[in-house]
Amino acid sequence: MSRKFRRGIPRAIAALAVFLSFFVLAAVLLGAEEESPAQGALLEDLPLSASLTLLAQEGDQAWLVFNGPLGSRVLLADAATGEVLAARDGGPVAAAFLRGGSLILCETAQTSVAFTRLSPTLEETERWEFFRLSSLLRRFDLSPEGGLYAVDSTAPANLTYTSRTGNEEKVTFPEEVQFLQATPQGRLYVCAGDTLYLSEDGSLAGLTELPGGSLPVCLLGEEGYLDTNGTVCRVADGAVKGVLQLPSLLTRAALYSGSPEGLALGESNTRLLWYSWDGEALDSCLVEGELQAVSPGLAVYQQDSAFYCAPTGFGQPEVTPAPTASPAPTETPAPAESPEPGETPEPEETPEPEETPEPGETPAGSPSPSPTAQPIPTPEAGWYPTTEGEYLLAPLGATVGELRQFFWPQAVQVEKPDGTTARDTEKLATGMTVPYSEKEGFPSAYTLVVPGDCTGLGLGSDRDVQAVQSHLLGEEPLTGPYLRAADLDNDGQVTVEDLVLFDTPAPAPTPVPTTPQPSQTE
């Protein structure tokens with residue numbers, strides 16, 4: 001082998017190594033750029049123990065509603081940047097709806113359901129209410145005009161619509177209503193049993209069966225929905241067509257959203273996917289914390305007990321560069337006019353020197369430090385829960401949000417007997433459970449006991465008195481936590497003395513309205 005050929009081998013290897021190093025470095029940099037999470041802005045001044053009630057987008061605007069046991073905060077944001085444009089603080093809300101280009105907030109009391117419409121700038125424009133027992137509302141939603149769709153727990157197969165003027169329509173289905181939701185523009189979707197119905201104009205008379213329909217989890221814009229099998233369906237020409245089958249899905253309805261441009265879907269707790277309505281994957285987005293809700297343009301996530309809002313970049317129109325204009329021909333300058341004799345131009349004023357800043361002063365324009373998420377303060381509910389074995393006792397009128405504060409920083413959930421998660425604004429009721437397995441020797445779950453609430457409604461009403469009377473007469477004996485809730489004098493047995501105490505139940509520590517189960521979050 002010649003000397004010249006032997007010298008060429010190390011040079012070739014060195015060149016190949018440099019090329020491979022450059023290729024690996026470029027791949028790493030490109031991969032890092034693709035996996036870089038979207039930058040979110042901290043949402044400040046939220047209510048204590050806040051939870052996200054609504055994230056809804058229409059065009060280039062988005063509305064966010066955060067609710068706590070003692071108050072709420074509504075934000076208007078730029079859907080392209082996530083910048084907060086306006087804010088409004090108020091009392092606790094049970095639900096929120098985007099209808100006809102405006103936001104409607106819902107507040108419930110025991111005997112009425114009240115609604116407040118806000119303008120795009122978050123100013124109150126009107127308020128109205130319906131007088132009915134909110135504790136009986138199983139599902140409800142609103143039309144753009146403010147009419148109430150409702151299904152009561154006493155008749156789960158009946159759907160009623162009450163207009164603002166008090167006119168009422170009613171339709172009865174062969175099976176109970178499992179899904180009820182209206183769209184921002186007024187379409188109405190109802191699923192009773194295994195049958196899906198659609199009303200294009202929102203009227204009950206206009207409900208027609210959709211061939212191929214399935215039970216929805218949530219709506220995706222005006223013409224689509226995600227069903228319980230993980231199939232993205234689109235409604236077109238009076239029929240349902242499956243356009244995308246998800247291999248796995250997160251069950252929270254707030255993590256799915258749609259628009260005419262495409263679909264934003266929560267693939268995991270930190271990743272979003274953007275699909276076309278033809279089922280083609282177009283884009284993806286990462287966030288730095290746990291996803292709470294999505295819209296086509298925004299993602300809200302939680303990190304270190306604080307909420308952040310980040311733009312996803314989905315559905316943004318591509319910017320087409322404007323053609324470069326041809327330069328106009330240069331005009332021949334006109335000859336300058338000669339100054340009249342005798343005129344002397346005045347001398348320009350000499351600018352005064354700027355003052356030198358005193359030592360120690362911070363120059364203007366220095367960036368302020370980034371806001372830091374504040375920890376949740378010690379609860380000030382005015383009461384503390386007590387335990388009796390596997391029972392957790394709380395007073396009448398206490399809310400789910402107040403109870404959750406005592407378990408902080410462990411983010412426990414309060415579950416209803418049917419397995420659904422109770423909202424922070426709902427009153428605690430006997431029979432609810434709190435999964436808890438932080439320490440060895442503790443029960444895996446506590447069962448809620450609210451003394452005075454023997455029926456599990458959280459009210460302390462005449463129904464509870466009747467339940468105790470039936471127990472004492474041997475007609476319908478109380479058992480489990482409901483029996484413990486009837487023992488008001490804490491002597492270990494239910495007697496006539498307990499029945500007397502029901503005439504003066506303990507007052508609620510915090511006057512927070514009860515909350516029924518609204519339709520799915522949009």
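# Chatting through the cores, sheets and rings

Me: Which residues is Leu220 in contact with, leaving aside its neighbours within four places in sequence?

Reply: Leaving those neighbours out, Leu220 is in contact with Tyr225, Leu226, Val232, Tyr256, Ser257, Gly258, Leu263 and Trp277. Keep in mind that this is a predicted model.

Me: OK, and which members of the largest nonpolar core touch the most other members?

Reply: Leu220 is one of them, along with Val232, Tyr256 and Leu265. That core has 32 residues.

Me: Which strands each supply at least two residues of this core?

Reply: Those are β18 (216-219), β21 (239-245), β23 (262-266), β24 (271-275), β26 (290-294), β27 (298-303) and β28 (306-311).

Me: And which strand gives the most?

Reply: β24 does, with four residues in the core. There's also another core lying apart from this one, with 18 residues, including Ala394, Val400, Val434 and Tyr436.

Me: Let's do sheets. In what order do the four strands of the open sheet with β24 come?

Reply: The order is β22-β23-β24-β25, and the pairing is antiparallel.

Me: Which strands stand at the edges there?

Reply: β22 (256-259) and β25 (281-286). Each has a single partner strand, so one side of each has no neighbour in the sheet.

Me: By how many degrees are neighbouring strands of this sheet turned against each other?

Reply: On average it's 15°, with direction ignored.

Me: How many bridges join β23 to β24?

Reply: Four, and the two strands run antiparallel. In that area, Leu265 stands opposite Leu273 in β24.

Me: Can you walk me across it?

Reply: Strand β1 (residues 41-42) pairs with β28 over two bridges, and Leu42 stands opposite Tyr308 in β28. Next, six bridges join β27 to β28, where Ala299 stands opposite Ala310. Then β26 and β27 pair over four bridges, and there Val294 is the one opposite Ala299.

Me: Which residue in the hairpin of β27 and β28 takes a positive phi?

Reply: Asp304, with a phi near 55°. The hairpin has two residues between the strands.

Me: Is β28 largely enclosed or left open?

Reply: Largely enclosed by the rest of the structure, because five of its six residues are buried.

Me: New topic: how many aromatic pairs are there?

Reply: The count comes to eight. Take Phe115 and Phe130: their ring centres are 6.0 Å apart and their planes are at 75°, so the pair is edge-to-face.

Me: Where do those two lie along the chain?

Reply: Phe115 is in strand β8 (residues 113-118) and Phe130 is in strand β9 (residues 124-130), so the pair ties together parts 15 residues apart in sequence.

Me: Is Phe115 buried or exposed? And Phe130, buried or exposed?

Reply: Phe115 is buried, with a relative accessible area of 0%. Phe130 counts as buried too, at 8% relative accessibility.

Me: How about Trp274 and Phe314, what kind of pair are they?

Reply: They're stacked, with 5.3 Å from centre to centre and 20° between the planes. Trp274 lies in strand β24 and Phe314 in the loop between β28 and β29 (386-388), so this pair ties together parts that are 40 residues apart in sequence. Trp274 is buried at 5% relative accessible area, and Phe314 is buried at 3%.

Me: Which residues do ring pairs link into a cluster?

Reply: Phe115, Trp128 and Phe130. Also, Arg164 lies over the face of Trp128, 3.9 Å from the ring centre.

Me: Last one: where is Thr154 found?

Reply: In the loop between β11 (148-152) and β12 (158-162). Thr154 is exposed, with a relative accessible area of 61%. Its C-alpha atom is separated by 8.8 Å from that of Leu137, which is 17 residues away along the chain.

Terms used. Residues numbered from 1 in each chain as written. Predicted model: local features only at pLDDT ≥ 70, side-chain atom pairs only at ≥ 80, totals over all residues. Heavy atoms only, no water. Core = buried A, V, L, I, M, F, W, Y, C linked by side-chain atoms within 4.5 Å. Buried < 20%, exposed > 50% of the residue type's maximum accessible area, 1.4 Å probe, protein only. Contact = heavy atoms within 4.5 Å. Pairing = 2+ DSSP bridges. Axes fitted to C-alpha atoms, helices over the stretch in contact; angles between N-to-C directions. Phe/Tyr/Trp six-rings, centres within 6.5 Å; stacked < 30°, edge-to-face > 60°. Lys NZ or Arg CZ within 6 Å of the ring centre and 35° of its normal.
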